[in-house]
Amino acid sequence: MTAPLASVLFVCVHNAGRSQMAAGFLSHLAGDRIEVRSAGSVPGDRVNPAAVEAMKEVGVDISAQKPKVLTTEAVQASDYVITMGCGDACPIFPGKKYLDWALEDPAGQGVEAVRPIRDEIRTLIEGLIAEIDAKREA
């Protein structure tokens, strides 16, 4: 087995919605080619049920995921650190690529409100995969 092309860490405050959906899409679309992590600065108790439902609708199961606390080690082990509204809670290390995706927080919203966020995340993930693949081919 070859090593992953890159490792990506998704961070939001509760690690219950946006970052879990992003991690789910990246794992689903890139398979083993990209190592995927997600974490939260203040992790919630469980993944947002509306996020789980919205992802199920597009064939991605994130129901087994649990919110995880953001660690310095996770940031150091990742090539890309993608934040989603956690502001200054994310530690910054040189040599990492930081992206901030301004996505609406799905917390407390129904599945109807989560769908457009999910679709926006998928578009961002597809762009990220294309960028990582382009770097490999460069």
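Let me start with arginine 118, in helix H4. Leaving out residues up to four places away in sequence, arginine 118 touches Met21, Phe25, Ala54, Met55, Glu57 and Val58. Keep in mind that this is a predicted model.

Is arginine 118 buried or exposed? Arginine 118 counts as buried because its relative accessibility is 7%, and the cut-off for buried is under 20%. A polar atom of its side chain lies 2.7 Å from the backbone oxygen of alanine 54. Arginine 118 also forms a salt bridge with aspartate 119, where the closest N and O atoms are 2.9 Å apart. Aspartate 119 is partly exposed, at 39% relative accessible area. There is a network of salt bridges here, linking Glu57, Arg115, Arg118 and Asp119.

Alanine 54 takes us to helix H2. The buried residues of H2 are Ala50, Ala51, Val52, Ala54 and Met55. H1 and H4 are included in what covers them. At the N-terminal end, H2 is capped by asparagine 48, with a side-chain oxygen 2.8 Å from the backbone nitrogen of alanine 50.

Now the core. The largest nonpolar core has 32 residues, and Val8, Phe10, Leu26, Ile125 and Leu128 touch the most other members. At least two residues each come from strand S1, helix H1, helix H2, strand S3 and helix H4. Which of these gives the most? That is H4, with eight residues. Take leucine 128: beyond its neighbours within four places in sequence, leucine 128 contacts Val8, Phe10, Leu26, Tyr80, Ile82, Leu99 and Trp101. A second core, separate and of eight residues, includes Val11, Leu70, Ala74 and Phe93.

On to the strands. S1 pairs with strand S2, residues 34–40, in the parallel sense over seven bridges. Within this part, serine 7 stands opposite glutamate 35 in S2. Together with H1, the two strands make a right-handed β-α-β unit.

Back to salt bridges. How many does the structure hold? It holds nine. One of them joins the side chains of aspartate 105 and arginine 18, at 3.7 Å from N to O. This pair links distant parts of the chain, 87 residues apart: aspartate 105 is in the loop between strand S4 and H4, and arginine 18 is in helix H1. Aspartate 105 is partly exposed at 35%, whereas arginine 18 is buried at 7%.

Another salt bridge joins arginine 122 and glutamate 126, at 3.0 Å from N to O. These two are separated by about one helical turn because they are four residues apart in helix H4.

Terms used: Residues numbered from 1 in each chain as written. Predicted model: local features only at pLDDT ≥ 70, side-chain atom pairs only at ≥ 80, totals over all residues. Heavy atoms only, no water. Core = buried A, V, L, I, M, F, W, Y, C linked by side-chain atoms within 4.5 Å. Buried < 20%, exposed > 50% of the residue type's maximum accessible area, 1.4 Å probe, protein only. Contact = heavy atoms within 4.5 Å. Polar contact = N/O pair within 3.5 Å; in protein donor to acceptor, adjacent residues only side chain to side chain. Pairing = 2+ DSSP bridges. Right-handed = clockwise from strand over helix to strand, strands pointing away. Salt bridge = Lys/Arg side-chain N within 4 Å of Asp/Glu carboxyl O.
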